[in-house]
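This briefing is meant to be read beside the sequence and the structure.

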Protein chains: 2
Amino acid sequence: MSSSVVTEQVSLAVSTVVFALRPHPRTGETTLWLPLVRRIREPYEGRWALPGGPLKAHQDLAASARETLADTTGLEPAHLEQLYSFGAVDRSPADRVVSIVYWALVRPDEDARTTETPNVEWFVADEVPQLAFDHNEIVRHALDRLRAKITYSPIALAFVPDEFTLAELRGVHEAVLGRCLDPANFRRQVLAGGTVEPTGTHLTGTSHRPPALYRAAPREQEKSR
Amino acid sequence: MSSSVVTEQVSLAVSTVVFALRPHPRTGETTLWLPLVRRIREPYEGRWALPGGPLKAHQDLAASARETLADTTGLEPAHLEQLYSFGAVDRSPADRVVSIVYWALVRPDEDARTTETPNVEWFVADEVPQLAFDHNEIVRHALDRLRAKITYSPIALAFVPDEFTLAELRGVHEAVLGRCLDPANFRRQVLAGGTVEPTGTHLTGTSHRPPALYRAAPREQEKSR
DNA sequence: GCAGTTAGTGTCATTTCCACCTTAAGGAGC
DNA sequence: GCTCCTTAAGGTGGAAATGACACTAACTGC
């Protein structure tokens with residue numbers, strides 16, 4: 001009977017898909033990257049996997065995601081949001097693990113502060129190797145969500161510094177969606193949305209017409225979902 | 001030490017918010033209802049709560065939701081989808097419980113087959129009493145999601161029988177959104193969407209012009225999200 | 001046949017979206 | 001100084017989607 005109690009055990013983990021923007025190693029275009037952690041024990045020892053860890057009893061879900069991120073990669077993302085929970089019975093070979101997965105966005109300045117260790121490495125999001133568990137499926141899920149959400153939500157702001165030009169913001173959209181956007185129409189849409197406001201200053205030293213700087217507008221309410 | 005192991009324990013439950021359409025007891029307009037289960041032990045003994053139960057080690061998440069639904073309410077929903085996972089440390093007084101919550105839609109025919117017991121009762125979704133745990137917040141979350149999703153996804157089909165008139169389908173949208181829709185514009189949008197196809201037959205015996213019957217079109221691909 | 005009721009179509013004004021053009025404002029080179 | 005080049009910023013017009021509403025069609029009940 002005691003052994004059946006052990007097999008009835010379901011353990012709970014929290015993992016995170018972290019996205020940052022960096023130039024693609026071959027094309028040079030900015031694209032999505034994500035950090036992976038090398039597994040140092042079975043199952044899937046040696047394989048790359050999403051950063052994560054077991055949920056502690058005294059910790060909220062998002063707090064757990066933040067902690068393991070800080071511990072393993074040194075990152076403190078600007079945006080963190082629950083993605084989905086994965087709980088297929090056979091997703092881990094021996095034991096039963098349910099993973100609550102978050103996804104996060106980090107700014108370039110934060111991104112540069114990543115801990116560099118042999119067991120943490122960044123990959124182009126669309127070219128990740130074969131991962132441990134069902135993590136390839138999870139990454140796919142996160143990419144789909146990010147690309148869908150950027151079209152109707154101002155999350156792109158989590159990718160840019162406090163003050164930014166509309167061209168920078170457009171660059172984020174273009175990198176995420178993987179296609180060019182009309183500068184004029186993009187400008188209109190963003191300004192009409194009311195999610196950004198001009199700082200009144202301009203960026204100088206650009207060898208062409210200086211663009212206006214903007215910042216995130218104080219939002220009155222944010223739809224979670 | 002052994003007692004600290006006990007407090008480190010996190011248990012995992014799966015609950016479901018089930019929606020069905022029924023006439024409002026006062027106004028008579030069809031509105032959203034959901035079944036609640038009376039708690040028969042502490043904590044929150046006697047309070048109403050969402051149907052749910054602990055996750056078993058051999059069961060997928062959705063399967064667990066289906067099973068507890070069948071056991072407690074006798075329902076087999078036409079649509080079942082993961083909503084969100086709730087894991088605040090203080091959401092259950094004594095122990096630590098993380099709930100993975102699904103939401104479901106049932107057709108009227110299925111709805112009528114509900115098990116009637118003193119411990120299961122249906123409530124108007126916008127008028128639920130104070131519930132156990134954070135279940136009021138969860139219901140609010142599910143309502144928001146349903147109302148958002150019905151505007152860009154053909155989930156309304158999960159509320160109607162195999163063959164239906166466009167007026168019925170429009171009634172579903174109106175009940176969920178709580179406002180009237182223009183019949184002409186609704187028809188155009190639905191037909192342009194390609195999610196339904198005419199059966200070629202008409203509904204007879206209506207004491208006015210017989211409406212055409214439709215069924216769900218075989219969808220090539222469905223976006224999860 | 002006529003009234004009443006709902007199904008289904010047509011129309012038109014308004015808005016949004018999208019492609020593209022024009023002008024503005026700087027620096028670099030001469 | 002002037003011209004060239006590059007990017008910012010705004011304007012324009014056509015296509016498409018949206019929404020309000022009029023109109024015709026088909027049936028029942030009297």
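The points below are grouped by topic and refer to a predicted model.

**Contact between chains A and B**

- Chain A puts 24 residues into the contact and chain B puts in 23 residues.
- On the side of chain B that touches chain A, strand E5 (79-86), strand E6 (97-105) and helix H4 (135-149) of chain B are the elements that give two or more residues.
- E5(B) has the largest share of that side of chain B, with three residues.
- By class, the side of chain B that touches chain A has 11 nonpolar, seven polar and five charged residues.
- Of the interface residues of chain B, 100% are also interface residues in chain A, so the copies meet through the same surface.

**Surface near DNA strand D**

- The surface near DNA strand D is made up of eight nonpolar, six polar and three charged residues.

**Surface near DNA strand C**

- At least two residues each are supplied by H6 of chain A, helix H5 (166-177) of chain B and H6 of chain B.
- H6(B) gives three residues, the largest share of the surface near DNA strand C.
- The classes near DNA strand C are eight nonpolar, five polar and four charged residues.

**Packing of H5 and H6 in chain B**

- The axes of H5(B) and H6(B) lie 10 Å apart, and the two helices pack at an angle of about 100 degrees.
- H5(B) is therefore roughly perpendicular to H6(B).
- H5(B) makes the contact with B:Leu166, B:Leu169 and B:Arg170, and H6(B) makes it with B:Pro183, B:Phe186, B:Arg187 and B:Val190.
- Five nonpolar and two charged residues form the contact of H5(B) with H6(B), with no polar residues.

**Annotated region of chain A**

- An unreviewed UniProt entry carries the annotation "domain: Nudix hydrolase" for residues 11-147 of chain A.
- Residues 11-147 of chain A are 23% helix and 36% strand, with the end C-alpha atoms 31 Å apart.

**Backbone geometry**

- Most residues other than glycine have a negative phi, and most peptide bonds are trans.
- In chain A, the peptide bond from A:Glu42 to A:Pro43 is cis, and its omega is near -5 degrees.
- A:Pro43 sits in the loop between strand E2 (30-38) and strand E3 (48-49) of chain A.
- In chain B, B:Glu42 and B:Pro43 are joined by a cis peptide bond with omega about -5 degrees.
- B:Pro43 sits in the loop between strand E2 (30-38) and strand E3 (48-49) of chain B.
- A:Ser207, a residue other than glycine, has a positive phi, near 65 degrees.
- The loop that holds A:Ser207 runs between strand E8 (196-202) and strand E9 (212-216) of chain A.

Note on methods
Residues are numbered from 1 along each chain as its sequence is written. Chains are lettered from A and ligands numbered from 1 in the order in which they are written. This is a predicted model: local features need pLDDT of at least 70, side-chain atom pairs count only at pLDDT 80 or more; totals for chains, interfaces and linings use all residues. Two residues are in contact if their C-beta atoms, placed from the backbone, lie within 7 Å. Ala, Val, Leu, Ile, Met, Phe, Trp, Tyr, Cys and Pro count as nonpolar, Asp, Glu, Lys and Arg as charged, and the others, Gly among them, as polar. Helices (H or I, at least four residues) and strands (E, at least two) are DSSP runs, numbered from the N terminus. Axes are lines fitted to C-alpha atoms, for helices over the stretch in contact, and angles run from 0 to 180 degrees between N-to-C directions. Angles under 35 degrees count as roughly parallel, over 145 as roughly antiparallel, 65 to 115 as roughly perpendicular and the rest as oblique. UniProt positions are given in the numbering used here, feature names are shortened, and annotations may be inferred rather than shown by experiment.
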